[in-house]
Amino acid sequence: PLFRSRDKRFLDLVTDMFAGSKIVASICHGPWLLCSANILKGKRVTCFHSIKDDVKNAGAIYEDAAVVVDGNLVTSRVPNDLPQFCKAILNQLKA
């Protein structure tokens, strides 16, 4: 994720998807890319514990939960949270 967060193609993809109200889902260290895309300000998110300060510094409201949904943004902490993460994404797709 850190490598991709420096790649303009990935940043543009995330920014465009978010601005277009498309689902943006990220798990574990993935929110690093969201930090670099500048889309976290005021958003509720979760992530792997070692990057929580980074997401908070990007303006996010950090929550230690298996999955957090805020609008079109879906975030999760670790692979063990995948069942809840996938369910949240499917719920977003149905909406």
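**Stop 1: the salt-bridge network**

Select Asp64, Arg77 and Asp81: these three are linked in a network of salt bridges (a side-chain nitrogen of Lys or Arg within 4 Å of a carboxyl oxygen of Asp or Glu). Before you zoom in, note that this is a predicted model, where local features need pLDDT of at least 70 and side-chain atom pairs count only at pLDDT 80 or more, while totals for chains, interfaces and linings use all residues. Residues are numbered from 1 along each chain as its sequence is written, and side-chain values use heavy atoms, leaving out hydrogens and water.

Arg77 and Asp64 come to 3.0 Å at their closest N and O atoms. That pair links distant parts of the chain, 13 residues apart: Arg77 sits in the loop between strand 5 and helix 4, and Asp64 in the loop between strand 3 (61–62) and strand 4. Helices (H or I, at least four residues) and strands (E, at least two) are DSSP runs, numbered from the N terminus. On to Asp81, whose side chain meets Arg77 at 2.8 Å, N to O.

Now colour by accessibility (buried is under 20% relative accessible area, exposed over 50%, partly exposed in between, with a 1.4 Å probe and protein chains only). Asp81 is buried at 5%, Arg77 partly exposed at 22% and Asp64 exposed at 57%.

**Stop 2: another salt bridge**

Pick Asp70 and Lys43, which form a salt bridge at 3.9 Å, N to O. Here strand 4 holds Asp70, and Lys43 is 27 residues away in the loop between helix 2 and strand 2 (44–45). Asp70 is buried, at 17%.

**Stop 3**

Show the cartoon and find the open sheet of three strands, order 1-5-4, with mixed pairing (strands pair if DSSP finds at least two bridges between them). Its edge strands are strand 1 (24–27) and strand 4 (67–70). Strand 1 runs parallel to strand 5 (residues 73–76), joined by four bridges; look for Ile27 opposite Ser76.

**Stop 3: the cysteines**

Cys86 is partly exposed, at 39%.
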